[in-house]
Amino acid sequence: MGEYISIKSTADDGFEFSAYHARPARVSRGGVIVVQEIFGLDEHVRRDVDRWASLGFEAVAPSLYDRREPGFLAGHDAAGMTAGIAHARATPLEQPLADIAACRDYLKPRGKVFIVGYCYGGSLVWLAAGKLDGLSGASSYYGSMVQANASLRPKCPTIVHLGRLDTGIPADEVKAAVQAANPDVPVYIYEDAGHGFNNEDPARHSPESADLARRRTLELFDA
């Protein structure tokens with residue numbers, strides 16, 4: 001369904017990054033920025049972009065490591081984890097936020113712009129909601145940086161999704177931190193889900209939790 005396009009970043013370097021883009025088949029409900037996990041724009045991210053398009057949104061996923069390794073893709077194994085984490089840690093946060101802002105600017109002439117992201121992308125969604133203007137709704141999935149930035153005040157309606165079985169992110173602690181600073185931000189904990197539960201990799205996917213989280217995200221965007 002989708003295709004690759006190039007978008008010029010709002011960062012000072014004016015870097016042109018690639019992005020996977022899909023248009024809805026019917027009248028658009030708005031635009032959705034889909035923010036990747038650490039593995040790059042792999043089949044799961046592209047499928048998610050296509051899914052949002054099938055739900056009536058124009059969707060775009062920026063390739064956030066293009067400055068370091070254009071077209072980076074990694075498997076969901078130890079080597080892939082190591083490579084993806086290395087790129088994430090070596091990428092200043094200002095760069096992906098500027099690339100997300102460029103995606104916002106690309107989509108906004110055609111309607112409201114929403115944002116959803118997973119893992120690394122879930123952290124960036126939380127940061128984007130608090131730092132960028134012009135977003136109409138944000139849905140953050142299991143971002144490891146959310147707790148440390150819980151005091152950030154989102155500029156748009158925002159929700160957070162966490163897996164109870166996620167061994168790297170303490171769901172109750174994250175929820176408490178977010179709602180202490182932002183009592184109006186819903187934080188949903190999915191009891192049967194671990195990290196990456198929206199990803200359709202059989203080792204990570206929790207279909208019922210993924211479906212429920214997507215319904216909640218759609219309700220947020222439609223509202």
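I started at C119, which lies in the loop between β5 (113-118) and α4; helices (H or I, at least four residues) and strands (E, at least two) are DSSP runs, numbered from the N terminus. The model is predicted, so I note its limits: local features need pLDDT of at least 70, side-chain atom pairs count only at pLDDT 80 or more, and totals for chains, interfaces and linings use all residues. Residues are numbered from 1 along each chain as its sequence is written, and side-chain values use heavy atoms, without hydrogens and water.

I looked up phi of C119 and found a positive value near 60° in a residue other than glycine. C119 is buried, with a relative accessible area of 13% (buried means under 20%, exposed over 50%, partly exposed in between; 1.4 Å probe, protein chains only).

I then checked Y142, in the loop between β6 (137-141) and β7 (158-163). Phi of Y142 is near 35°, again positive in a residue other than glycine. Y142 is buried, with a relative accessible area of 1%.

Next I turned to the core. The largest nonpolar core has 71 residues, of which I33, V34, W52 and I115 touch the most other members. Such a core is a set of buried Ala, Val, Leu, Ile, Met, Phe, Trp, Tyr and Cys residues joined through side-chain atoms within 4.5 Å. Helix α4 (residues 120-131) supplies the largest share of this core, seven residues. I listed the contacts (heavy atoms within 4.5 Å) of I33, leaving aside neighbours within four places in sequence; among them are V60, P62, C103, F114 and L135.
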